[in-house]
Amino acid sequence: MQFNSTDVSFIEKKGLTLKKVEQQLELLKTGLPFINLERAATIYDGILSFSNTEQQELLSFYDAEKDNIKVVKFVPASGAATRMFKFLFEFSNSYKPKKQSINAFINKQKAVNLSMFFIGIEKLPFYNLVIDYVKNNKPNYNQFSNDQKLVAFVKAILDESQLNYSNYPKGLLPFHKYKDHIASAFEEHLFEAALYAASNNEAKLHFTISEKHKDRFDSEFNRIQKIVEEKTKTKFDITFSYQKEATDTIAVSTKNEIVREDNGQLYFRPSGHGALLENLNELEADIIFVKNIDNVVVYKYEEEVSKSKKMLAGLLINIKEQAFKYAKDLDEKELSREDIVEVAEFLITKMNVVISSEFEKYSKQYQIDYLKSKLDRPIRVCGMVRNEGEPGGGPFWVKDESANLSLQIVESAQIDKKSKIQKNILKNATHFNPVDLVCSIKNYKGEVYDLQKFVDHQTAFITMKTKVNKDIKALELPGLWNGSMANWNTIFVEVPLVTFNPVKTVNDLLKPTHQVS
């Protein structure tokens, strides 16, 4: 697989090195190992569950601390809304109005999603906007049959020459319809942040977006800033960053041949949310909340969501303060055997660290070095919700190549479904990952960790994609909350289901947590 001089300069222009690209090709060629699940994390075995009293104590602790620390909310928001409308595209491309009615099409295709969409159509947040648009652009709209009206509605949403909602960034799509206005997910994130991520009446939010959408996000913020700041009595400091080109990965054919554009240029693809680790690493904060752009609720549920977030943050601050004290002691004090045992017990009981069975046999100095290496890491507290059959990753105890056990968030794509044992562990999982994290990325001296040092590069994965109707193999970096945080200290906490309300398809907007009444 040789590269010519044009290839090399193209690779370097992207901020990549030839060596890195060759490593990517090697991974695509040899494949990557599956994760080795030991068992699912459950309540009292890797997942904490707090009583109402304990939750309230953590929440109050966070409220008392938050004005003394730097807090940022980090929102991955680069996704376009295209996949939300997948079943509508399928309908638009294959429905033949002269041959059958919409009802006949739904029955023949067993198009459950389409049926639900049309039944709930008037409850969609953008219903009136689309109807007004169609009426203005179709003077004879009132003469249309019901089927013709529905087709016109769908086309208005999808067509590039019309409203083109499918090419909106997901964060700017109309999400929630209130009495006097329609709110985007971006706006809801601001309201929500004011409740739990504000410090000294200022909320800092950082969104990772596609560069081409920057102007649209800016104008949306300018449009709503005054209203949101007045309603929440909070100032907002909004920043944006883009997925770096240097994190793109090369693609190969099913025969492992390098894929090129028609003009001969190498074809690179964005490498998934793991690429955002660099963006996260650039934040200057003591506490970072991480939450996806589409996981928002209408205002009446925000208080409940906020309580859960504060509880997680209270726990993180509590654990972090203790971890920092021990890390400092290990560096500066002459510790007794009892002190060493105390630190080891803290790691085991509070941070889920599995200490080596040989620990007792180590020399005192080696024990201290060992504990330092376990303590001196970023920390994440992750909310986990009860498994209701939703797709997505989950919390597991994982065994690495050296037989070390640790808590990890694992995606189903990382699991060997051909193995009966692994499949059974997956089937018995009680919780899944709603992407509800609170992170600490500094050490006790206030220095930000180099987060690349804590990535498990073996947890990258290969996905099948198509380019001009040809199958290609693409390489995704270890997921941001999966392998990219594999060597962080990890704490899982059960959180209520109301904290998880993603909008994966347009029909999710019909669920109660996205409806005002």
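This is a predicted model: local features need pLDDT of at least 70, side-chain atom pairs count only at pLDDT 80 or more; totals for chains, interfaces and linings use all residues.
**Salt bridges**

I started with the network of salt bridges that links K70, E284, D286 and K442. My cut-off for a salt bridge is a side-chain nitrogen of Lys or Arg within 4 Å of a carboxyl oxygen of Asp or Glu. By this rule I get 32 salt bridges. Residues are numbered from 1 along each chain as its sequence is written, and side-chain values use heavy atoms, with hydrogens and water left out.

Next I looked up E192, whose side chain meets that of K73 in a salt bridge at 3.2 Å, N to O. This pair links distant parts of the chain, with E192 in helix α9 (residues 185–196) and K73 in strand β4 (residues 71–76), 119 residues apart. For elements I use DSSP runs numbered from the N terminus: helices are H or I with at least four residues, strands are E with at least two. Are E192 and K73 buried or exposed? Both are buried, where buried means under 20% relative accessible area, exposed over 50% and partly exposed in between (1.4 Å probe, protein chains only).

D218 and K214 also form a salt bridge, with the closest N and O atoms 2.6 Å apart. Both lie in helix α10, four residues apart, or about one turn of the helix. D218 is partly exposed at 26% relative accessibility, and K214 is partly exposed at 24%.

I checked E358 with K361 too: a salt bridge, closest N and O atoms 3.5 Å apart. E358 is partly exposed at 37%, while K361 is exposed at 64%.

**T232**

T232 is found in helix α10 (residues 214–232). I have T232 down as buried because its relative accessible area is 19%. What does T232 touch, leaving aside its neighbours within four places in sequence? It is in contact with F191 and A194, contact being heavy atoms within 4.5 Å.

**Helices α7 and α8**

I took α7 (residues 127–137) and α8 (residues 146–158) next: they pack at about 100°, with their axes 10 Å apart. Axes here are lines fitted to C-alpha atoms, for helices over the stretch in contact, and angles run from 0 to 180 degrees between N-to-C directions. So α7 and α8 count as roughly perpendicular to each other, a label that covers 65 to 115 degrees. On the α7 side I find Y127, V130, I131, Y133 and V134, meeting A152, F153, A156 and I157 in α8.

**Sheets**

Two strands pair if DSSP finds at least two bridges between them. β1 and β14 (residues 394–399) pair over three bridges, and L37 has V398 in β14 as its bridge partner.

I then went to the open sheet of four strands, ordered β11-β10-β19-β18 and antiparallel in pairing. Its edge strands are β11 (268–269) and β18 (461–467). How many bridges join β18 to β19? Seven, and β19 covers residues 470–476. I462 has L475 in β19 as its bridge partner. Helix α2 (residues 18–30) lies across β10 (249–253), β11, β18 and β19, running at about 40° to β10.

Conventions
Angles under 35 degrees count as roughly parallel, over 145 as roughly antiparallel, 65 to 115 as roughly perpendicular and the rest as oblique.
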